[in-house]
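Subject: Model for your review

Hello,

Please find the sequence and structure below. My notes on what was found follow after them.

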Amino acid sequence: MDNILQGLNAAQRTAVESPASVVQVLAPPGSGKTKTLTARVAHLIAHRQLQPWNIIVCTFTVKAASEMKERIKSFVGEDLAKQLKLGTFHSVALRYLKHYGQHIGLPKDFGIADTSDSKAILKRIIKKLGMSIEPGQALGRISSRKAKGEVDSKPGKGPKSVDQQEFLRLFEEYEATLAASNLLDYDDLLLRCRFLLKSHPQCVSNVEAVLIDEFQDTNNIQYELMGLFAQQYNRITIVGDPDQSIYGFRSAEIKNLSRMKKQWPDTITINLEENYRSSGAILHAAQNIIEQDESRPPKRLQATHTFGLRPVLRKLPTAYAEAEWLVSEIKRMRALSGNSIQLSDFAVLLRSAALSRAIETALGNTGIPYRMVGGQRFYDRAEVKLVVDYLRVIHQPENSEAVERVVNDPSRSVGDTSIRKLREEAERKGVSLWSVILDISQGRCTTDMKLNEATRKGLASFVNVILSGRKKMESWSTEPPSVTALINVVSQKIGLEAHLRRKHSGDETFEARWSNVEELMAQATEITASGKLNELVESQRLPQVEGLDQTTESAEDVLSVFLANIALTASAEKKAEEDGEKIQQVTISTIHAAKGLEWPVVFIPACYDGSIPHSRADDHDEERRLLYVGMTRAQALLYLSCPIKNTQREETTISAFLTHQGAGRYFDEHGPSLPSSAVASLCTTLRRECPTEACFLETRKTVDSDEDNHWPLNGEEVFAESNRWDSGATGNALPGFGTARHIPTVQ
Ligand code: ATP
Ligand code: MG
């Protein structure tokens, strides 16, 4: 535990040890904010005697949360680290709602509507109301309303436009549908938790410290939650960087920083000014981009690494040529390094997920494995969703949305018309869809709905599947609970394998689809066998608070926790993580999902106007910050590129951020690719062996000859700095970047 402060600089140590109650650490990318935050958590436990279960740590992505947990584990050990209340805002809120939701009238077995559930609900309501809005757009509008904390559908003061009236109607119906199905959407998790903590502050009376990473992206409701979590002891640490605020479209409120100072006037602010992540060249190029925003206050940021190679900027004829070039660079670097440079050292970061197709195809064609973060996700794949939906219905038959999705999948002669009749009957009686279906199948329904014989049989077979599942679950009171066994019941009862084989005989995807189902089973088995599920149930338990009952867990909670875990990791970040550990993969991610992370080599393709800045984005400053976030993920090599014609065969113009006055100086725009010696340099930087003769010779050559030096910035101010780094003057400089400066930029 004594190594907590080791390797931290003076400002970082001050932040870790600060006795102040409310601390803001504001600093640029790669300056060690997350490192400092995790060290402070460890310090609070080790030296200030705070109990880990009384500390809440929130971040924005599942991946970031698991990385933080790992870092803290290395300081205080697994036993203490796992007791922290650490996770995304949503997962921490869910934990409180699961345990204390009863006190605000939430039923014990509420389910979570993920984004696609919400869209499906909206699609139906939009049709019913005869509106023309896209479901995704409607959800965005609802979500931003909820994010601002506007929860009811009351029209409020003043006249309303027709559009607003229509929207409020939609909002109202959407909320009613969720309530009828006993579902909360993602925003509800936060809203309900806020309500719970306001009305029952005892729930958090034990919370001694609250720490938030990536604070610049907190929205109104998350900000309020932070204050509510901390209401007893008012001990808060946040770290963030206003230059990396990229969630304006989700109502993140950059003004939360000043709001915090007003709310807690004793707040102290600590700045960090050294960058430990990127080479000097990458940092300068990124700085140049962010400084194009003249309204932004100037900041100091110093590189601790040597200068290295300027980021590459290339134009390729088409998006496909761009993707092939990118893949050939990966292959070349790997080959030259004798595979010392690993696939997991590379990331391709995209402005929008839709850009991934060309890259995926090029990687697929050369057999390079990759993982998608923020794209088509494991839990979004149709066959996985189908099984999970069956589990959801078994867990909670009142979930009419899930019932509706699976009642006719596989086909059971229950078409749209029959479903509409069943829904109408349910609405008329004020009961769930399941209840109507059950009554029909058991001959208790007196209404003549004019369902034909085949439909009735279909409904009976559906009921049989669900009741078999529930029976299996009941057996868990006498035998160990097994989600795998439950999936097997579903799979056998619905004849899943034959169903998928029939459905996908034409598109030859059966094998891949079935292996997804097997993967889900494997995951359920692994998670149960390793005791992880029990651990998860256990770890979600909150400390007992006097005078406030907690819902106690039963065997069925295993399924509930399994499903909640899926809903929250829906992004499959976790799955991708596990894959990444098993096999080496290139990462493809949106820039948004890459925040807080770092890779030795980063590619940002499709840097053209319309893509970044995006054609639908109103706020160009935010688009610029997004590019800045992407560029500052790179440690040693950064490649930006632009296809002359995009996938729609439209001529493009290179992003204005990259052609902005003087920006070109920071990039290497010549030649087809980086010199081979860059690879040797990269290997040295990563402290990996580079055994190939070609690489060795290249390194010798470049170190020996300096005649083809293309550094246009030579002699300028930035170079005064970088020369110092090259001479290895800073203790923190990693070897490698230094020699790279002497490498000719054209091969
Ligand atoms: P971002 O804004 O992108 O989230 P950050 O400020 O959170 O960045 P970290 O991820 O904490 O930065 O740190 C960036 C890298 O620098 C990490 O690899 C980290 O281990 C390293 N690092 C941070 N501080 C130091 C230090 N004092 N000495 C050496 N390495 C450091
Ligand atoms: Mg960070």
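**The loop and the ligand shell**

Gly30 counts as buried because 27 C-beta neighbours lie inside 10 Å. The cut-offs are 20 or more other C-beta atoms within 10 Å of its own for a buried residue, 12 or fewer for an exposed one, and partly exposed in between, with C-beta atoms placed from the backbone.

This is a predicted model, in which local features need pLDDT of at least 70, side-chain atom pairs count only at pLDDT 80 or more, and totals for chains, interfaces and linings use all residues. Residues are numbered from 1 along each chain as its sequence is written, while chains are lettered from A and ligands numbered from 1 in the order in which they are written.

Gly30 sits in the loop between strand 1 (22–26) and helix 2; helices (H or I, at least four residues) and strands (E, at least two) are DSSP runs numbered from the N terminus. Not counting residues up to four places away in sequence, Gly30 touches Asn275, Tyr276, Arg277, Ser278 and Thr632, contact meaning C-beta atoms, placed from the backbone, within 7 Å.

Gly32 is in the loop between strand 1 and helix 2. Gly32 counts as buried because it has 23 C-beta neighbours inside 10 Å. Its contacts, leaving aside neighbours within four places in sequence, are Gln12, Leu272 and Tyr276.

The unreviewed UniProt entry lists a "binding site" that includes Gly30 and Gly32; positions follow the numbering used here, feature names are shortened, and annotations may be inferred rather than shown by experiment.

Ligand 1 is surrounded by 19 residues, the closest being Gly32, Lys33, Thr34, Lys35 and Tyr276 (near: C-beta atom, placed from the backbone, within 6 Å). Helix 2 (residues 33–46) gives the most to this shell, with 3 residues.

An open sheet of 6 strands runs in the order 3-2-6-7-1-8 with parallel pairing (strands pair if DSSP finds at least two bridges between them). Its edge strands, each pairing on one side only, are strand 3 (85–88) and strand 8 (268–271). Neighbouring strands are turned by 15° against each other on average, direction ignored; axes are lines fitted to C-alpha atoms, for helices over the stretch in contact, and angles run from 0 to 180 degrees between N-to-C directions.

Helix 3 (residues 62–76) packs on the sheet, touching strand 2 (55–59) and strand 3, with its direction at about 150° to that of strand 3. Helix 5 (residues 89–100) lies across strand 2 and strand 3, at about 125° to strand 3.

Regards

Note on methods
Two residues are in contact if their C-beta atoms, placed from the backbone, lie within 7 Å.
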